[in-house]
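Please keep the sequence and the structure in view while reading.

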Amino acid sequence: MTETRPAWGEPLQIGSVTISGRAVFAPMAGVSDLTFRLLCKEQGAALVCMEMISAKAIVYGNRRTRELWETDPAEAPVSLQLFGHEPEVFAEACGIIEKERFDILDINMGCPVPKVTGNHEGSALMKDPALIEKIVRACVEHSSRPVTVKIRKGFDEEHLNAVECALAAQEGGASAVAVHGRTRAQMYSGQADWTCIAAVKEALRIPVIGNGDVTGAESALRMMEETGCDAVMAARAARGNPWIFREIDAALKGKPVPERPVRKEVIRMLLRHADMLCRQKGETIGMRQMRGHAASYLSGFPGAARVRGKINRVNTLEDLEQLMSKEYPYA
Ligand SMILES: Cc1cc2nc3c(=O)[nH]c(=O)nc-3n(C[C@H](O)[C@H](O)[C@H](O)COP(=O)(O)O)c2cc1C
């Protein structure tokens, strides 16, 4: 087992914001909604991140966008992530959201989706480090929150410029940089390359958050050790598994790592998650949005594929509770 370092157990300063630990829940569109962020926070995530929000949509006053930045004091500190490509639009969006309740302003420079990159947004920003600096500066000048950026290893294998982009962000006034060790061309496939995280850490004076393939305590410790990063960010492995944060938090603080939850606990969490989601969004929307989460919680359960099919036809919380007690009576 890797030896923990004293600093790993200490809070981390991101600009004016102190986060209590080193385990960060990543932004994930369609996953990191308010309910799930609260559960990840409860389980030990020191910082939770919202799903990406279009800076332009904020400026245009899109009503659906408003729901995306709803927060709860219990999840603080929380990071709000914007995507876009025009510094002046970012500046205007910062002004509009200034009165909202969030702690850190993050800029998406990693989204690989063609609809986003085709618009010169997300990971496409990495093609233009000078623009990165301008965007960060515009946000720093128009927001009272610390500004952070989330980048990738590069756009593709021919353009591995994470260090250059991170330096541009730092020059623009960023307070931290998160690095996902894959290129845009890789999307989410293949193994994340952590050497680029180490290179960014080496080059920057602001905190660096490592991201890519953190799946539990062991990989979190290994990423901290191999890259020297200041915190680790987990995305996919947190789906249906908010407990990952109590494991990472304990490991980095040098405490015994809690056991993975038994099936009974998983089902209880699934039902509590569904209940919270329905309270927040209403039963119709809540139950629909719960389908993806439920599938993740049940991963590895006997008969999971069949039960997932049934969950997709369930429309009320009561029916979901009945289905769970019938399919997994031990829970
Ligand atoms: C479904 C899904 C949605 C995502 N949405 C966002 C997003 O809104 N903003 C962002 O910066 N990254 C987003 N990501 C990328 C993750 O934050 C993370 O960088 C990536 O999944 C690698 O981390 P992992 O190996 O821990 O999953 C998303 C990833 C997935 C799988």
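This is a predicted model: local features need pLDDT of at least 70, side-chain atom pairs count only at pLDDT 80 or more; totals for chains, interfaces and linings use all residues.

Residues are numbered from 1 along each chain as its sequence is written. Helices (H or I, at least four residues) and strands (E, at least two) are DSSP runs, numbered from the N terminus.

**Domains**

- The protein chain is divided into domain 1 (10–252) and domain 2 (263–327), with bounds that come from an automatic or database domain assignment.
- Taken over C-alpha atoms, the centres of domain 1 and domain 2 are separated by 29 Å.
- Seven residues of domain 1 are in contact with nine residues of domain 2, where contact means that the C-beta atoms of two residues, placed from the backbone, lie within 7 Å.
- The side of domain 1 that touches domain 2 is made up of three nonpolar, three polar and one charged residues; in this classification Ala, Val, Leu, Ile, Met, Phe, Trp, Tyr, Cys and Pro count as nonpolar, Asp, Glu, Lys and Arg as charged, and the others, Gly among them, as polar.

**Ligand shell**

- The ligand is surrounded by 24 residues, of which the closest are Ala26, Pro27, Met52, Ala235 and Arg236; a residue is near a molecule or strand if its C-beta atom, placed from the backbone, lies within 6 Å of it.
- By class, this shell around the ligand holds 13 nonpolar, seven polar and four charged residues.

- Strand 8 (residues 147–154) pairs with strand 9 in the parallel sense over six bridges, pairing being assigned if DSSP finds at least two bridges between two strands.
- Strand 9 (residues 176–183) is mostly covered, with eight of its eight residues buried; a residue is buried if 20 or more other C-beta atoms lie within 10 Å of its own, exposed if 12 or fewer, and partly exposed in between, with C-beta atoms placed from the backbone.
- Val177 of strand 9 stands opposite Val149, and the bridge partner of Val177 in strand 10 is Val208.
- Strand 9 and strand 10 (residues 208–211) run parallel and are joined by four bridges, and Gly210 in strand 10 is the bridge partner of Val179.

**Crossovers between the strands**

- Strand 8, helix 7 (residues 162–172) and strand 9 form a right-handed β-α-β unit; right-handed means that, with the strands pointing away from the viewer, the path from the first strand over the helix to the second runs clockwise.
- A right-handed β-α-β unit is likewise made by strand 9, helix 8 (residues 195–203) and strand 10, and another by strand 10, helix 9 (residues 217–227) and strand 11.

**Helix 10**

- Helix 10 (residues 244–252) is largely enclosed by the rest of the structure, because eight of its nine residues are buried.
- The buried residues of helix 10 are Ile244, Phe245, Arg246, Glu247, Ile248, Asp249, Ala251 and Leu252, and they pack against strand 3 (23–25), helix 1 (34–42), helix 9 and strand 11.
- Just after helix 10, Gly254 adopts a positive phi of about 75 degrees.

- Leaving aside neighbours within four places in sequence, Ala203 is in contact with Val163, Ala166 and Leu167, while Ala203 and Cys165, 38 residues apart in sequence, are 11 Å apart in space from C-alpha to C-alpha.
- Arg308 is found in helix 13 (residues 304–311) and is partly exposed, with 17 other C-beta atoms within 10 Å.
- Not counting residues up to four places away in sequence, Arg308 touches Ala295 and Leu298.
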